[in-house]
Amino acid sequence: MKKFVFLTLIFIAGCGGTTLPVKNITLPNGKIIKAEVAVTDAERERGLMYRDNLDENKGMLFIFDGEQPLMFWMKNTFIDLDMVFMGADKTIKCIGQNIPRSTAFTQDNEVATFGCENSMYVLEIGAGIAKKNNLAVGDKLEF
């Protein structure tokens, strides 16, 4: 049986917590996404939860210790997102487009999920950004 890592994507804006480092991610068309980097369990669990907007040139990069099956659960994520899953070589393996937001009132069994096998990196960007920038499985991102 395949084991999935379930992550609650949480970020409490203005909570006075630590500021995450930012890494420039270069898309194949040259566009740069300024992505906050989440590497610890706590950072990955906070993710983008409770945010009400995400600028077009911003995102969040989740980094794991190695390739593994990953499943993201969008509980209390108030932004529609695209999710770009990459292997260790930073090549795109899966793209989840227009993953719907949840609300504070969305029942747990109605919260959107999306996953991909054998991924080490996940870039979350605003819904529609992957399509707008012609991202496709097999493309390589630079960071």
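In what order do the elements of the protein chain run from the N terminus on? After that, please take me through strand β5 and the strands it pairs with.

Reply: Happy to! A word on the source: this is a predicted model, where local features need pLDDT of at least 70, side-chain atom pairs count only at pLDDT 80 or more, and totals for chains, interfaces and linings use all residues. Residues are numbered from 1 along each chain as its sequence is written, and side-chain values use heavy atoms, with hydrogens and water left out.

Now to your question. From the N terminus on, the order is β-β-β-α-β-β-β-β-α, which comes to two helices and seven strands. Here helices (H or I, at least four residues) and strands (E, at least two) are DSSP runs, numbered from the N terminus.

Let us turn to β5, residues 81–86. Six of its six residues are buried, so the strand is largely enclosed by the rest of the structure. "Buried" means under 20% relative accessible area, with exposed over 50% and partly exposed in between (1.4 Å probe, protein chains only). In the protein chain, buried residues make up 43% of the 143 residues.

In a regular strand, side chains alternate between the two faces of the sheet. You can follow this along β5: Leu81, Met83 and Phe85 point one way, while Asp82, Val84 and Met86 point the other way, and all are buried.

Next come the partners of β5. Two strands pair if DSSP finds at least two bridges between them. With β6, the pairing of β5 is antiparallel over five bridges, and Met86 stands opposite Ile92 in β6. These two strands form a hairpin with five residues between them; in the turn, Lys90 has a positive phi of about 70°. With β7, β5 again pairs in the antiparallel sense, over six bridges. There, Leu81 has Gly126 of β7 as its bridge partner.

A search of the whole structure finds one disulfide, and it joins Cys94 to Cys116, with an S to S distance of 2.0 Å.

How values were computed:
Disulfide = S-S within 2.5 Å.
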